Amino acid sequence: MYRSLRILVLPSRLLQPSPLGPACVACALRRPPIAARMASQGSFRIEYDTFGELKVPSDKYYGAQTVRSTLNFKIGGVTERMPIPVIKAFGIFKRAAAEVNQDYGLDPKIAGAIMKAADEVIDGKLNDHFPLVVWQTGSGTQTNMNVNEVISNRAIEILGGKLGSKDPVHPNDHVNKSQSSNDSFPTAMHIAAATEVHEVLLPGLQKLHDALDAKSKEFAQIIKIGRTHTQDAVPLTLGQEFSAYVQQLKYGMARIKAALPRVYELAAGGTAVGTGLNTRIGFAEKVAAKVATLTGLPFVTAPNKFEALAAHDALVELSGAMNTVACSLMKIANDIRFLGSGPRSGLGELILPENEPGSSIMPGKVNPTQCEAVTMVAAQVMGNHVAVTVGGSNGHFELNVFKPMIIKNVLNSARLLGDVSVSFADNCVVGIQANIERINKLMSESLMLVTALNPHIGYDKAAKIAKTAHKNGSTLKETAIELGYLTAEQFDEWVKPKDMLGPK
C-alpha cells in the first residue's frame, strides 16, 4: 500500500514511457537517487531526498531535506531559528566524529574535507546556511541533516566537486557516519549548554557576585533598620543586608556547577535507540575525548546511552539551577529598587545610578531600569524552566522528542542570566550609594529598637512602650520614661543600635 502511494508522488518524468523498456523504469523507481541534477536555468539546483526532487538555492550549501523542512515547518520565522550555539556544537561534534571515523577507516581525504567544513561551521562562517526553526521534529533530525548537508556540500566544494552531487562526500554515509539524529542532537545539546554556561552564565554571575561583595564591604559600618514582612524590624548593617545577596550568588554558581557533570556526558555512540548499532567499539569514548579536546571542557561518553536518548534529566537539572538563580535575582533586584525608591516619597535608603530619562511625560523622572530588566529576565527564565520541565517529562520509550524546545530554552536562560548579571553589575550595582541621612532618620524613628529592652524589662512592658509610642506619636524614650519603666540614663545605656548587630 505504502509503495503504491509513494509512486503517485514521484516526479512525472519517471512515469513517462521509457525507450529502454519497463525494466529500466522499474529500476529507476527502486533505485534511490545518489546524484543531483544541477539546474542550468535560474538560481537553483535540483537535489533529491527519498521523497523526490526539490529546488535548492544555488548559493546555499544545504540540500533537499533542509528545503523540505522549510516547507513543512513554517513556524515563527527567523526569530525562531535553531540557536547558533547548537549549530556550532554540531560543528564540533561532526569534526570530532570525522576524525574518529578516519581512525576506523574513513578515507582521509574525505575526513579531512569534512573537518575543514566543520571548522567553518564552528567559526560561524556558514551561519546563513542554517534556516531551520526550532519547531520541527522533536528529535532534531531536520537540523542534524541540515548540518550534514551543509558540511557535505562544503566538503565537496573543497574537493572540487559539484554542490548537491553527494560525491565524493555524502551527508549520510560520511558526515553522519556512526551516528543517528537521536544521539547526535542530544550530543550537540550538551556541548552547546555546557559551553554557554562556561562562556556566558558563570562569568556573568561571578561579575555580579564580585560587585555585590564590594558593596557589602563598603557598607559594612552603616547601621540601618531591618525589615521583616515589609515592616520595621531590628537593626543590621547595610553591609550585612548586601552580604545576603552575595551568598545567594555564591550558592547559585555552586548549583550551576553541581549540575554540569551530567551535562558533560555525551550521547554520541548510542545511535538510534541507545544500542550503538552501526558504530564501532570505542567510537563513543574516542568522540567524547575529541570533543573534550576541542572545547577544553571535561566531556565524557554517557555511561548509559539509553538514558541519554530517552531522557534529558541533566538539562532539566541545569534549568532548575538557573531557575533558582532567577529567584535569587528577582529578590535582589526588587530589594535594591525598593530601597532606592523615591527620591522623596519612598524608602530612599539607596541612591541608584541615573542612566537615562524615565518618563515621556514627567520631566526629570528617573527609574530603576536595570532592576526592572533583571526582574523581567528572571520571569522569562522561570517560564523557560516550566517549558523545559514539561519537555523533560515527556520522554516516551526510547526517545525524548522535545529536544529542540528544551535546548532553546536552556540556552536562552543561560544567555539572559549571564548578560543581565553583567548589565546589572556595570550599570547599577557598582554605582549604588548609601543615603546616610535617610538611613539614620528611619532607624532613629523605628519602634522596633524597643527589642533591646526585652532582657531588662521584659517583653510585655517593651511591647506596651512600642504600642503607646506609636499611638501617641512620641518617641520610645519619651514613652518609656512616661510609663515609669526606666530612666533616661537606662534607655541610653540599653538601646544602642550598634550593640544590636549580633550575639552578645
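Axes here are lines fitted to C-alpha atoms, for helices over the stretch in contact, and angles run from 0 to 180 degrees between N-to-C directions. Helices (H or I, at least four residues) and strands (E, at least two) are DSSP runs, numbered from the N terminus. This is a predicted model: local features need pLDDT of at least 70, side-chain atom pairs count only at pLDDT 80 or more, and totals for chains, interfaces and linings use all residues. Residues are numbered from 1 along each chain as its sequence is written, and side-chain values use heavy atoms, with hydrogens and water left out.

**View 1. Helix α4 crosses helix α6 at roughly 60°.** The axes of α4 (residues 84-103) and α6 (residues 141-158) come within 11 Å. That angle makes α4 oblique to α6; angles under 35 degrees count as roughly parallel, over 145 as roughly antiparallel, 65 to 115 as roughly perpendicular and the rest as oblique. The crossing is right-handed. A crossing is left-handed if the near helix is turned anticlockwise from the far one by less than a right angle, and right-handed if clockwise. From α4, I87, F90 and K94 make the contact (heavy atoms within 4.5 Å). From α6 come T143, N144, V147, N148 and I151. By class, the α4-α6 contact has 4 nonpolar, 3 polar and 1 charged residues. Ala, Val, Leu, Ile, Met, Phe, Trp, Tyr, Cys and Pro count as nonpolar, Asp, Glu, Lys and Arg as charged, and the others, Gly among them, as polar.

**View 2. α4 is largely enclosed by the rest of the structure, since 14 of its 20 residues are buried.** Buried means under 20% relative accessible area, exposed over 50%, partly exposed in between (1.4 Å probe, protein chains only). From first C-alpha to last, α4 reaches 29 Å, close to the 28 Å expected at 1.5 Å a residue. The expected span is 1.5 Å times one less than the number of residues. Just after α4, G105 takes a positive phi of about 115°.

**View 3. Helices α13 and α14 run roughly antiparallel to each other.** The axes of α13 (residues 369-392) and α14 (residues 403-427) come within 9 Å and cross at roughly 165°. The crossing is left-handed. Residues of α13 in the contact include V374, V377, V381 and V388. Those of α14 include I406, V410, L417 and F424. The α13-α14 contact has 14 nonpolar, 10 polar and no charged residues.

**View 4. Helix α12 packs against α14 at an angle of about 30°.** The axes of α12 (residues 313-339) and α14 are 10 Å apart. That makes α12 roughly parallel to α14. The crossing is left-handed. L315, L318 and M322 are among the α12 residues in contact, and I406, V410 and S413 among those of α14. The contact divides into 15 nonpolar, 3 polar and no charged residues.

**View 5. M330 lies in helix α12.** At 22% relative accessibility, M330 counts as partly exposed. M330 touches T375, A378, A379 and M382, not counting residues up to four places away in sequence. M330 and V374 are 44 residues apart in sequence, yet 6.8 Å apart in space, C-alpha to C-alpha.

**View 6. The peptide bond from D167 to P168 is cis.** Its omega is near 15°. P168 sits in the loop between α6 and α7 (171-175). The bond from G342 to P343 is also cis, with omega near 10°. P343 sits in the loop between α12 and β7 (350-351).
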